[in-house]
Amino acid sequence: MTETLLETRDLDVTFRRGRDRVPAVRDVSIAVTRGESYGIVGESGSGKSTVLRAICGLAPVSGGQILLDGAPIPDPRDAAFYRRVQMVFQDPYASLHPRHTIDRVLSEPLAIHGFDRREERIEQALAEVGLGEGFRFRYPHQLSGGQRQRVSVARALILEPQVLLLDEPTSALDASIQAEVLNLLDRIRTERGLTYVMVSHDLAVVAHMCDRLMVMQHGRMVEELTRDQLRGRAAATDYTRQLLQASKGYTPAA
Amino acid sequence: MTLSREWLLSDRPASRRQARMGQAYRTWLGFRGNWLAMVGLGVVVLLIGLAIFADVIAPFDPVIPGDLRTERFLPPGTGAHLLGTDDQARDIFSRIVHGSRLTLMVVALVSVIATPIGMLVGTTAGYFGGWTDAILMRITDIFLAFPRLILALAFVSALGPGIENAIIAIAITSWPPYARLARAETLTIRDSDFINAARLQGASSIRILWGHVTPLCLSSVIIRVTLDMAGIILTAAGLGFLGLGAQPPQPEWGAMIASGRQFLLDFWWVATMPGIAIFIVSLGFNLLGDGLRDVLDPKARK
């Protein structure tokens, strides 16, 4: 059962503009097992979101390999790849087209990939993320942040992917809504046997959601931990210990 | 299914049609609150009405002269001649009414030709960037460097005077600003998450350009086209005035001013009446454009 589904080997991402080169990710190697939930944590600018974007072709890969089911994924990504890997973006206010109804948002991927039974699939996808029929023909501006993020999740799931890339899916939401969306994601993963790669700066979220996690700093891997190690605060490096300390919140100096 | 206010404003629309109509109704409510824009809309609707029902509204024939001995240069309000008569003893009101058809045709054809060209060039350049952008925008720059009226003059003198050639000339010189506008709008949304999301669903570039980018550029381009309509009318009138647009005896407003200018001091109304018509219609389109900007421009909202 420990079969590797998604893997990166020495992944490098470099952003170029004219002569400027910004190395964003260096030598990142992760191996995500089928059915696992894998977390990537780190401070702002550590390159954790860039890893996800590189996997789905939104950031330029300058070195290393990305493998899906042991096979290198094509560049540019093909339709078959997008059937298997989908992403949920961080900001639900920016990830839905302001002039498209929810119906349009959900029917477009079905049209692109030539799915059948579209009506049923849309209704089912909305029901699955806890949005009733009344939401189907609304525009994004008629929805709250949490509802929008549910629509984003539905959009990603409607193609029935195997891997879901989650780029800080709850960081733009209120604490109470965060829990709702996280529980929703957790439930869907159990039901569908999905594989998650989740980026977050919130260790509590990652501890709740992920079986294993990687800590990143300055575009490099710092260390890999299991959930139990994280809970037991058994970190091997100073940086991770600092992160763990910081995640406890503000403690007045003694 | 009844067309009620509640049905339109429902926040739980039950069908695609209801959602779309509800959105249109909300835009209309926003537009209705702006009385200047409503005046503009009124002027434009009036112009369209005049053009459609010109044969019914105009009391006299716009082209056939009246009695040249007794009916030339009658001042406004003489008998049945509401706005007086011109040097050919033709009723000026009837000529203005029939001239609305020419004006409307110019405006409609120019916007139908220029807007799609500008949108296509601008969104393509903005979305793909790099070499595509450089080549398309340099072509746009070349067209922008032509002085509008002079190019139109050259074009019309090459192809021969006439309203159709004037329309083509104006259309050729008026698309570059739309291309620039569409490109600028495209640049701001090209890297947004909802476009990335469409890419991640495997959408082709054409699908993204047409279904995702164009709808967001359309409102600012429509606003710009509406505001430019006054300029288009004035250019067409200017060409008519110079004798290169509509040819006599067509009742084009610019040409009417041109023929009336010889008698401006003695018979002021011959040139003034079509001038007022041009003024009102241009103002109407400007007010309409301003109103549309208030309602449609996402940046001006809130």
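This is a predicted model: local features need pLDDT of at least 70, side-chain atom pairs count only at pLDDT 80 or more; totals for chains, interfaces and linings use all residues.
Two strands count as paired if DSSP finds at least two bridges between them. Strand 3 (residues 37-42) and strand 9 of chain A are joined by 5 bridges and pair in the parallel sense. One contact to look for is A:Gly42, whose bridge partner in strand 9 of chain A is A:Met216.

**The sheets of chain A**

Now follow strand 9 of chain A to its other neighbour. Strand 9 (residues 212-217) and strand 10 (residues 220-226) of chain A run antiparallel and share 6 bridges. Among the residues involved, A:Met214 has A:Glu224 in strand 10 of chain A as its bridge partner. The two strands make a hairpin with 2 residues between them, and in the turn A:His218 has a positive phi of about 50°.

Chain A also holds an open sheet of 4 strands, in the order 2-1-4-5, with antiparallel pairing. Here strand 2 (20-33) and strand 5 (71-72) of chain A are the edge strands. Strand 1 (residues 4-17) of chain A runs antiparallel to strand 4 (residues 61-68) of chain A, and 6 bridges join them. Within this part of the sheet, A:Leu6 stands opposite A:Leu68 in strand 4 of chain A.

**Helices across the strands**

Which helix lies across strand 1, strand 2 and strand 4 of chain A? That is helix 1 (residues 48-55) of chain A. The table lists the angles.

| Helix (chain A) | Reference strand (chain A) | Angle |
|---|---|---|
| Helix 1 (residues 48-55) | Strand 1 | about 105° |

**A helix in chain B**

Let's turn to helix 5 (residues 92-128) of chain B. At 1.5 Å a residue, its 37 residues should span 54 Å, and the end C-alpha atoms are 53 Å apart, so the two values agree. This helix is mostly covered, with 26 of its 37 residues buried. Just after helix 5 of chain B comes B:Gly129, which takes a positive phi of about 65°.

**Aromatic rings**

Over all chains, a search of the whole structure finds 9 aromatic pairs. One of them is the edge-to-face pair of A:Phe81 and A:Tyr82, at 5.5 Å centre to centre with 65° between the planes. Both A:Phe81 and A:Tyr82 are buried. The charged end of A:Arg77 sits over the ring of A:Phe81, 5.6 Å from its centre.

In chain B, B:Trp28 and B:Phe31 form a stacked pair, with 6.2 Å centre to centre and 25° between the planes. Both lie in helix 2 (residues 16-32) of chain B, 3 residues apart, about one turn of the helix. Is B:Phe31 buried or exposed? B:Phe31 is buried, because its relative accessible area is 6%, under the 20% cut-off. B:Trp28 is partly exposed, at 33%.

Elsewhere in chain B, one aromatic cluster is formed by B:Phe73, B:Phe263, B:Phe267, B:Trp268 and B:Trp269.

Definitions and conventions: Residues are numbered from 1 along each chain as its sequence is written. Chains are lettered from A and ligands numbered from 1 in the order in which they are written. Side-chain values use heavy atoms; hydrogens and water are left out. Rings of Phe, Tyr and Trp (its six-membered ring) pair if their centres lie within 6.5 Å; planes under 30 degrees apart count as stacked, over 60 as edge-to-face and the rest as tilted. Buried means under 20% relative accessible area, exposed over 50%, partly exposed in between (1.4 Å probe, protein chains only). A charge sits over a ring if NZ of Lys or CZ of Arg is within 6 Å of the ring centre and within 35 degrees of the ring normal. Contact means heavy atoms within 4.5 Å. Axes are lines fitted to C-alpha atoms, for helices over the stretch in contact, and angles run from 0 to 180 degrees between N-to-C directions. The expected span of a helix is 1.5 Å times one less than its number of residues.
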